[in-house]
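I set out to look up a few packing features and side-chain contacts in one chain. The entries below are kept in the order in which I made them.

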Amino acid sequence: MTNQSKQYLYTYSYHEDEEALCHMEMRSLFGFDTSSFVLESTKQINLGRSPFIKERIDIMYRGEYVEDLIQQANQLPINESTFKVLFIENPDKRGEIPFAERKKIAREIGLQLKGKVDLVEPQMFFAIMPVGKGWIFGQYEKSESVWLKTQQKPHQYSTALSTKVARAIINIAVPDINGVKAIDPCCGIGTVLIEALSMGIDIVGSDNNPLVTGNARENIAHFGYKGEVLLKDMRDIQEYYDTAVIDMPYNLCSVLPRETQMEMLASAHRFAKKVIIITIETIDSYIEEAGFIIKDRCTAKKGSFSRQVLICE
């Protein structure tokens, strides 16, 4: 299989109230929707990016039967690293193959590989998995819950986006990080900024509240990242950005008046080509009046608190 035709298989999972956000992130990252918990793509995604992707298999061989993969695995050159072969259950077919049979299949494949097996601390993993009406085999990588590492910040707000939601939203905003310049013009304590910076995304933050901009800078520095946070009202932004993430400001007693929201959205239309708007109320008419077209949407929940997430261009 050549690099041009390289295929990757991903599995992902979500809690019930995360389904809509997860599927929006998958559509943004891969360019298509899926109702399955397994997807294949020619796009290689760094597993640390998504809070929903669980694992990736870099597909090396396919076969209609396990025996086909056994024959192909025997052709692999000597592996210089110690390895272990795993049987990965297909989430859409969970429980179809008994545990003992899964262990036997993984062992049979492992016996065909040339190299040293290490079942305790292998340097690399291979995996076999049933898909569709056949099987795949390839190098395996499991995701880490990177977003958990940034949950505890020096400064926090109870209504701020969770790190998991923020990470998904920045992936929706910037599915391909190369050459993209982004901004969070209502950055608050910097939750979105931190998740973006951890992925290597070129992003700046701004806010018109000097207290929260200081807190955002401290939060960013706490995790060892370097990012610019400006004290600026988003209506005064003059630079142009490829994408913006706007968590519309609010408090528990009231939301912004219509006139202020319209001014903010109009300014966003001026300084960004693509905008991800997060709002606690329906403002479709304001968004359209500001000149945007809503391309996709979902609802993100944090306990009983819900936000609408809108992709606008």
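**Entry 1. The chain as a whole**

I note at the outset that the model is predicted. I counted eight helices and 14 strands in the chain. I took the extent of the C-alpha trace along its principal axes, which is about 70 × 35 × 35 Å. I then looked up burial, and found that 51% of the 313 residues are buried. For contacts with a separation of 6 or more, I find that 72% are between residues 24 or more positions apart.

**Entry 2. Helix H1 against helix H4**

I recall that a pair of packed helices is described by the angle between the axes and by the distance between them. I looked up both values for H1 (residues 19–30) and H4 (residues 163–173): the axes come within 8 Å and cross at roughly 30°. The cut-off for roughly parallel is an angle under 35 degrees, and H1 and H4 are therefore roughly parallel to each other. I recorded the crossing of H1 past H4 as left-handed. On the H1 side, I listed Leu21, Met24, Glu25, Ser28 and Leu29 as making the contact. On the H4 side, I listed Val165, Arg167, Ala168, Ile169, Asn171 and Ile172.

I asked how many of the residues of H4 are buried. The count is eleven of the eleven, so H4 is largely enclosed by the rest of the structure. I note that the buried residues of H4 include Lys164, Arg167 and Asn171 as well as Val165, Ile169 and Ile172.

I next looked up H4 against H5 (residues 191–198), and found that the axes come within 9 Å and cross at roughly 60°. H4 and H5 are therefore oblique to each other. I recorded that H4 passes H5 in a right-handed crossing. In this pair, Thr163, Ala166, Arg167 and Ile170 of H4 meet Thr191, Val192, Glu195, Ala196 and Ser198 of H5. I note that Arg167 is listed in the contact with H1 and also in the contact with H5.

**Entry 3. Helix H2 against helix H3**

I looked up H2 (residues 66–73) and H3, whose axes come within 8 Å and cross at roughly 25°. H2 and H3 are therefore roughly parallel to each other. I recorded their crossing as right-handed. I find Val66, Leu69, Ile70 and Ala73 in H2 meeting Ile105, Glu108, Ile109 and Gln112 in H3. I keep in mind that an α-helix has 3.6 residues a turn, so residues three or four places apart point the same way.

**Entry 4. Ser50**

I located Ser50 in the loop between strand E2 (38–41) and strand E3 (53–63). Is Ser50 buried or exposed? I find a relative accessible area of 3%, so Ser50 is buried. I looked up its side-chain partners, and found a polar contact of 2.7 Å to the side chain of Glu25. The side chain of Ser50 also reaches the backbone nitrogen of Ile53, at 3.2 Å. Beyond its neighbours within four places in sequence, I list Glu25, Met26, Leu29, Ser143 and Asn171 in contact with Ser50. Among these, Glu25 and Leu29 of H1 and Asn171 of H4 also belong to the contact between the two helices.

**Entry 5. Lys93**

I located Lys93 in the loop between strand E4 (79–87) and helix H3 (99–112). I find Lys93 partly exposed, with a relative accessible area of 23%. Lys93 and Pro130 are 37 residues apart in sequence, and I find their C-alpha atoms 8.4 Å apart in space. With residues up to four places away in sequence not counted, Lys93 touches Val131 and Gly132. I also find that the side chain of Lys93 reaches the backbone oxygen of Gly132 at 2.3 Å.

**Entry 6. Aromatic pairs**

I searched the whole structure for aromatic pairs and found nine. I took up Phe126 and Phe137, a stacked pair at 5.5 Å centre to centre with 15° between the planes. The pair links distant parts of the chain, with Phe126 in strand E6 (residues 124–131) and Phe137 in strand E7 (residues 134–142), eleven residues apart. I find Phe126 buried at a relative accessible area of 6%, and Phe137 buried at 0%. I close with the cluster: Tyr61, Phe83, Phe126 and Phe137 form one aromatic cluster.

Notes. Residues numbered from 1 in each chain as written. Predicted model: local features only at pLDDT ≥ 70, side-chain atom pairs only at ≥ 80, totals over all residues. Heavy atoms only, no water. Phe/Tyr/Trp six-rings, centres within 6.5 Å; stacked < 30°, edge-to-face > 60°. Helix = DSSP H or I, 4+ residues; strand = E, 2+ residues; numbered from the N terminus. Buried < 20%, exposed > 50% of the residue type's maximum accessible area, 1.4 Å probe, protein only. Contact = heavy atoms within 4.5 Å. Polar contact = N/O pair within 3.5 Å; in protein donor to acceptor, adjacent residues only side chain to side chain. Axes fitted to C-alpha atoms, helices over the stretch in contact; angles between N-to-C directions. Parallel < 35°, antiparallel > 145°, perpendicular 65-115°, else oblique. Left-handed = near helix turned anticlockwise from the far one by under 90°.
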